[in-house]
Amino acid sequence: MRTLLAAAALIIALPAAAQTQTRQQPDVIYVPTPHEVVDDMLRLANVKKGDVLYDLGSGDGRIAIAAAKKFGIRAVGIDIDPERIREATENAKKAGVTSLVTFKQEDLFKADFKDATVITLYLLPDLNVKLRPRLWEELKPGTRIVSHQFDMGTWKPEKRLESSGRVVYFWTVPEKKKK
Ligand SMILES: C[S@@+](CC[C@H](N)C(=O)[O-])C[C@H]1O[C@@H](n2cnc3c(N)ncnc32)[C@H](O)[C@@H]1O
């Protein structure tokens, strides 16, 4: 009887344990960028008609949604947290921009963002630095990158803007070095 009970407990516990293992934890917690800083990020990135914006770690979707609403551009938000994706999708519906904005539940370190012309970030300094090689190698030269609050280590920003007590940094992806 005891063996039977133990086996039953295992059968119940195993799927839950497997789920916990496969669900990747966020590398940084969710903290939204204030709306006025979002506006300054889009301004600093010189967002214009025809751009394609990716927000890597998109939270409630406010940056992608603001870009679509204000500039009529296509925007993609990537977030690892399914709750954030649900919230962002709901917010895009409320803002009436579902034809322009897509939210994908993915790890930003594995996601495909090659077609971006603008990248927005609000992560952490070490995550920016970890992401940097992919930004350089995979994005088209001239792609603009803005980061709320955190820089990119030795990759010095071209512009720096103070916004509501925060800092926003700006870079453009350089031409590829000839091999
Ligand atoms: C500081 S919040 C920024 C949210 C939004 N970009 C903004 O500025 O309002 C960081 C977001 O990154 C997400 N995140 C953390 N690690 C991630 C990963 N490896 N892949 C995708 N998203 C991730 C978190 O779930 C969170 O929503």
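Predicted model: local features only at pLDDT ≥ 70, side-chain atom pairs only at ≥ 80, totals over all residues.
Reader: How much of the protein chain counts as buried?

Author: Of its 179 residues, 44% count as buried.

Reader: Why is Lys93 called exposed?

Author: Its relative accessible area is 52%. The cut-off for exposed is over 50%, so Lys93 is exposed.

Reader: And what makes Glu90 partly exposed?

Author: Glu90 has a relative accessible area of 37%. That value falls between the 20% and 50% limits, so Glu90 is called partly exposed.

Reader: How do you know that Lys93 and Glu90 meet in a salt bridge?

Author: Their side chains are 3.9 Å apart, N to O. A salt bridge asks for a Lys or Arg nitrogen within 4 Å of a carboxyl oxygen of Asp or Glu, so this pair qualifies. Both residues lie in helix H4, three residues apart, which is about one turn of the helix.

Reader: Why does the contact between Glu162 and Arg160 count as a salt bridge?

Author: Here the closest N and O atoms are 3.1 Å apart. The limit is 4 Å, so the name applies. Glu162 is exposed at 59% relative accessibility, whereas Arg160, at 49%, is partly exposed.

Reader: What makes the set of residues around Leu42 and Val47 a nonpolar core?

Author: The name calls for buried residues of nonpolar kinds, such as Leu, Val and Phe, joined through side-chain atoms within 4.5 Å. The largest set of this sort has 27 residues, and Leu42, Val47, Leu53, Val97, Val101, Phe103 and Val146 have the most contacts inside it. Helix H3 gives the largest share, six residues. A second, separate core has 24 residues, including Trp155 and Trp171.

Reader: Why might nonpolar side chains gather like this?

Author: In soluble globular proteins, such side chains tend to be buried together.

Reader: Which residues does Leu53 contact, leaving aside its neighbours within four places in sequence?

Author: Among them are Leu42, Val47, Ile63, Val118 and Thr120. Each counts as a contact because heavy atoms lie within 4.5 Å.

Definitions and conventions:
Residues numbered from 1 in each chain as written. Heavy atoms only, no water. Buried < 20%, exposed > 50% of the residue type's maximum accessible area, 1.4 Å probe, protein only. Helix = DSSP H or I, 4+ residues; strand = E, 2+ residues; numbered from the N terminus.
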